[in-house]
Amino acid sequence: MVARELRLRSASDFDRVRTRGRTVSSRWFVVKALPNDVGHNRYGFAAGKRFGNAVQRNRAKRLMREVLRELHPHLAQGFDIVVIVRNNVPSDLTYAHVRPDIAELLRRVGLYHEARPCVVHSSG
RNA sequence: GAUACCGGACGGGCGAUCGCUGGCGUUGCCAGAGGAAAGUCCGAGCUGCAUAGAGCGAGGGUGCCCGGCGAAAGCCGGGGAGACGCGUUGUCGAUGCGCGUCGACAGUCCAGAUCGGCGUGGUUCGCCACGAGAGCAACAGAAACCAUUCCGGCGCCCCCGUGCGCCGGCUGAAAAGGGCAAUCCUCCCCGCAGCAAUCUCCGAUCGAACCGUUUGCAGGUUGCUCGCCAAGGUUCGAGGUUGAGAGCAGGCGCUUUGCGCCCAGCCCGCUCGCGGGCUGAGAGAGAUGAUCGUCAGAAACAGAACUCGGCUUACGGUCCGGUAUCUUCA
RNA sequence: CGGGGAGUAGCGCAGCCCGGUUAGCGCGCCGCGUUCGGGACGCGGAGGUCGGAGGUUCAAAUCCUCUCUCCCCGA
């Protein structure tokens, strides 16, 4: 989980990032990023109604939050970032599947520069 | 012992590191989703609106009997009308009996009666009132709901026909005795809406009242004066936002860093109904997660959103009880 | 989270309230005719678990219960 100051809180913030932010996507996730004037990053997570029931939507959001919690110290600051899970993701998803996918998307959007992308992360 | 079905209980435990939400005495400590939290099918609390009482109308209500629990919904136990299946009286049918499964079933008994029984409601416990109607049944069949006479047989009127009476018949769910109230209706019961309810505070904005003094370049109304308007200030009211708080997290009260009483669960003591101790989720883009170790272990359905009591639906695995079948041993 | 509505042929809809004949209409589809050919037109035809399961009834698209999917509204 991410601390409250680092979360996107209002619907207007979400709409601004979703309409004007830069978008990259993979088979399972969509990442949108937009510079802000707060001085640090803020994160928002979304799972649509068609993704599954409440348990499956909460599960997906928690996995996304966990990935962003770990990657947050290594990211460029000053952006609002929205991570959206797509509806075709299998329901037996685990952290080991989610983390490389989102890290690759953040690298492609230019916020994440990992020295050796294939190495096992230290906090495992 | 195995398999299947039915009913009930449990709904992973312990440990390590990182992280989240709330509280507190804040380098930390404590607490932190369910049996269904779900569907929203019922009933209550709570809140706002409406409302004298009563009646009429609309809409809704799974409604046998007895006993128990409950605030109510409803649940538990027993019994009955009735339905279906199996067995049995040689077979088929009818009927009777036995067993099993079910049993959302009010609107009556009696040939009839202003009487009586029974049921419902009211009651001053003496008794009183009410228990009334309508509709539907395709196709087939002679005939389908105040019955009827198509066919055959028998009997009677002297004989035939006609007629009358009795018996039988194909059809159909049902053939004169009823069926349907998960048809209308009658009896009985029910105010409407819901925490995105509702209440409080702050802001934009709007309205009303009052103030608006002296000097000087100082808004508009004719150049000036007065007056009026505008700007500004104060008070009151309206308004109700992507705002804040309450509702809201065991409850209530008080002399409010706390104390007292009460409620529920668990544990302990025991003089056996009392005493003591511990515990009580409360978010607001919405808190329970991640990586591992271990136990035989990769486990289903599934996430609190105002609260509580039920109903229904979903569910891997383990344990307990019952029934049926098979196998082994005695 | 709360409150409502709808599922019927490939598509859009009737029928449901008040149960009973073959579940009907328009567009679409198929075949034939017409035309040099196509369209239009005319004739004929196919296509339906009435979202799913259970119940009431002699009989259910219709009545009752449960369930699935979709849509709308409420700060």
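**Reading helices and burial in a predicted model**

Modeller: Asp15 lies in helix α1 (residues 11–20), where helices (H or I, at least four residues) and strands (E, at least two) are DSSP runs, numbered from the N terminus. This is a predicted model, in which local features need pLDDT of at least 70, side-chain atom pairs count only at pLDDT 80 or more, and totals for chains, interfaces and linings use all residues. Residues are numbered from 1 along each chain as its sequence is written, chains are lettered from A and ligands numbered from 1 in the order in which they are written, and side-chain values use heavy atoms, with hydrogens and water left out.

Biologist: Is Asp15 buried, exposed or partly exposed?

Modeller: Buried means under 20% relative accessible area, exposed over 50%, and partly exposed in between (1.4 Å probe, protein chains only). Asp15 has 45% relative accessibility and therefore counts as partly exposed.

Biologist: What should helix α2 span?

Modeller: The expected span of a helix is 1.5 Å times one less than its number of residues. Helix α2 (residues 54–71) has 18 residues and should therefore span 26 Å, which agrees with the 26 Å between its end C-alpha atoms.

Biologist: Which residues in α2 are buried, and what covers them?

Modeller: An α-helix has 3.6 residues a turn, so residues three or four places apart point the same way. In α2 the buried residues are Ala60, Leu63, Met64, Val67, Leu68, Glu70 and Leu71, and their cover includes β2 (29–35), β3 (42–47), β4 (79–85) and α3 (95–108).

Biologist: In what order do the elements of chain A run?

Modeller: Chain A has three helices and four strands, which run α-β-β-β-α-β-α from the N terminus on.

Note on methods. Contact means heavy atoms within 4.5 Å.
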